[in-house]
Amino acid sequence: MKKIITLTLVAAALAVSACNTISGVGRDVSAAGDAVAAGAEEAKN
C-alpha cells in the first residue's frame, strides 16, 4: 500500500511540474509572436 501511495504522489508531482513547464512555453511562444507582430507593424509603416 505504501508503494502505491508513493507512486501516486510522485506521479502527481510530475504532472504538476509538467503543467508549469507547458505554461511557461506557452508564455514564451506568445511573447515571441507579439514581438514578430510588432516588428511586422513597424515594417509596414
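**View 1. E41, a partly exposed residue of the predicted model.** In this predicted model, E41 has a relative accessibility of 41% and therefore counts as partly exposed. Its partner is K44, whose side chain meets that of E41 in a salt bridge with an N to O distance of 3.5 Å. K44 counts as exposed because its relative accessibility is 60%, above the 50% cut-off for that class.

View 2. Side chains of opposite charge can pair when their charged atoms come close. E41 and K44 are three residues apart in helix α1, which comprises residues 2-44, so about one helical turn separates them. A search of the whole structure finds one salt bridge, and the side chains of E41 and K44 meet in a salt bridge.

**View 3. A nonpolar surface patch formed by M1, I4, I5 and L9.** Together, M1, I4, I5 and L9 have about 480 Å² of accessible area in this patch. L9 is placed in helix α1. With a relative accessibility of 58%, L9 counts as exposed.

**View 4. G26 in helix α1.** The glycine G26 lies in helix α1 and is partly exposed, at a relative accessible area of 38%.

**View 5. The protein chain as the setting of the close-up views.** The protein chain contains one helix and zero strands. Its C-alpha trace spans about 65 × 5 × 5 Å along the principal axes. Of the 45 residues in the protein chain, 2% count as buried.

**View 6. Charged side chains of the protein chain.** There are 4 positive and 4 negative side chains in the protein chain. The centres of these two sets lie 27 Å apart. Among the charged residues, E41 and K44 are joined through their side chains at 3.5 Å, N to O.

How values were computed
Residues are numbered from 1 along each chain as its sequence is written. This is a predicted model: local features need pLDDT of at least 70, side-chain atom pairs count only at pLDDT 80 or more; totals for chains, interfaces and linings use all residues. Side-chain values use heavy atoms; hydrogens and water are left out. Helices (H or I, at least four residues) and strands (E, at least two) are DSSP runs, numbered from the N terminus. Buried means under 20% relative accessible area, exposed over 50%, partly exposed in between (1.4 Å probe, protein chains only). Lys and Arg count as positive and Asp and Glu as negative; His and the chain ends are not counted. The place of a charge is taken as NZ of Lys, CZ of Arg, CG of Asp or CD of Glu. A salt bridge is a side-chain nitrogen of Lys or Arg within 4 Å of a carboxyl oxygen of Asp or Glu. Patches are made of residues with over 30% relative accessible area and no salt bridge: like charges are joined within 9 Å, nonpolar side chains (Val, Leu, Ile, Met, Phe, Trp, Tyr) within 5 Å. Accessible areas come from the Shrake-Rupley method with a 1.4 Å probe; for residues, only the protein chains shown count as cover.
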